[in-house]
Amino acid sequence: MTTVLTPPRRRARTARTAGRRRPPVLTGALTLLVLLLALLGPLVAPNSPTAQLAAPFQQPDGRFLLGTDVLGRDVASRVLGGGRTIVLTALAGTAGAGAVGMTAGVLAAMVSRRLGDLTVRCVDALAVLPALLVVLVLAAGFPGSDAALVTAVALATAPFSTRVLRAAADTVLHSGYVEAALARGDTRRAVLRHDVLPNIAGPALMDTALRLVASLHLTATAGFLGLGRGGAAPDWGRMVSENVPGATLAAAPFLAPALLLVLLSVCVGLLAGRLADTVGKGAA
């Protein structure tokens, strides 16, 4: 009986590959924790997030676990209540961008080349504009409107989804089995339903994850600039800008929301990167 030994370098490479393929349990757990904090936090806030309860920039104590902010409001309550708007706005903007990108991208791939190119050029007109400028214009034009902010985030990120999904659908449509299906008389609707959509699900999911990262950044930036919902409502981005002037007096009012924003963005970005690697290996 012959025993085949794996060379040390190959064993080391195999170990490293196995380590990279392990599911990102810690990253996923942190992401879930921050999302639960953002979505369920308002239900467990100990105080009103908008009421002035004490002196500004009071240090943490038994009553105020994270102290008070620039206006004397409970920082812990504002942190618990300030993430829901950012997360829901980012999710809604990502869903809107995904719907626009999927519809425009697939249609651009299935129609004639000239009409498809024209569709993409129209969408590219939005991509020329800086994403933050789109957010500023719409949010400033409709002050205090969350719907305007969601629309701005969707419009700012949709052009990139359109190009990605058009390329994915175009690749599927030019594959041998789709050409064979059309040759035997299958309708384009049947090809779309049974061939195109199932085969671009992976790229669409990967693109959605990447757009969610961009949407979180844009939404947090909008809050930092004071856009979106009214100033009294808690918002992690707005809390950072409000409390930076008092950083030497109390760090928690701006540091707590900033750390949560960074943690959420980094974790979602890492998960999106892992998803992109998985989809890329599956395509290969």
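A: Phe57 sits in the loop between helix H2 (25–44) and helix H3 (75–81); helices (H or I, at least four residues) and strands (E, at least two) are DSSP runs, numbered from the N terminus. This is a predicted model, where local features need pLDDT of at least 70, side-chain atom pairs count only at pLDDT 80 or more, and totals for chains, interfaces and linings use all residues. Residues are numbered from 1 along each chain as its sequence is written, and side-chain values use heavy atoms, with hydrogens and water left out.

Q: What is phi of Phe57 near?

A: Phi of Phe57 is near 50°, a positive value in a residue other than glycine. Most residues other than glycine have a negative phi.

Q: And is Phe57 buried or exposed?

A: Phe57 is buried, because its relative accessible area is 14%; buried means under 20%, exposed over 50% and partly exposed in between, with a 1.4 Å probe and protein chains only.

Q: Switching topic: how many helices and strands does the chain have?

A: The chain has 12 helices and 0 strands.

Q: Which residues have the most contacts inside the largest nonpolar core?

A: Val79, Leu216, Trp236, Leu264 and Val268 do, in a core of 20 residues. Such a core is a set of buried Ala, Val, Leu, Ile, Met, Phe, Trp, Tyr and Cys residues joined through side-chain atoms within 4.5 Å.

Q: Which elements give two or more residues to this core?

A: They are H2, H3, helix H4 (84–110), helix H10 (201–224), helix H11 (236–243) and helix H12 (252–283). The largest share, 6 residues, comes from H12.

Q: What is Val79 in contact with?

A: Leaving aside neighbours within four places in sequence, Val79 is in contact with Leu66, Trp236, Met239, Ala256, Pro257 and Leu260. Contact means heavy atoms within 4.5 Å.

Q: What about another core, apart from that one?

A: There is another, of 12 residues, among them Val106, Ala168, Val191 and Val196.

Q: Where is Val196 found?

A: Val196 is in helix H9 (residues 188–199). Val196 counts as buried because its relative accessibility is 0%. Not counting residues up to four places away in sequence, Val196 touches Ala169, Val172, Leu173 and Val191. The C-alpha atoms of Val196 and Met110 are separated by 9.7 Å, with the two residues 86 apart along the chain.

Q: Last one: what share of the chain's residues is buried?

A: Buried residues make up 39% of the 284 residues.
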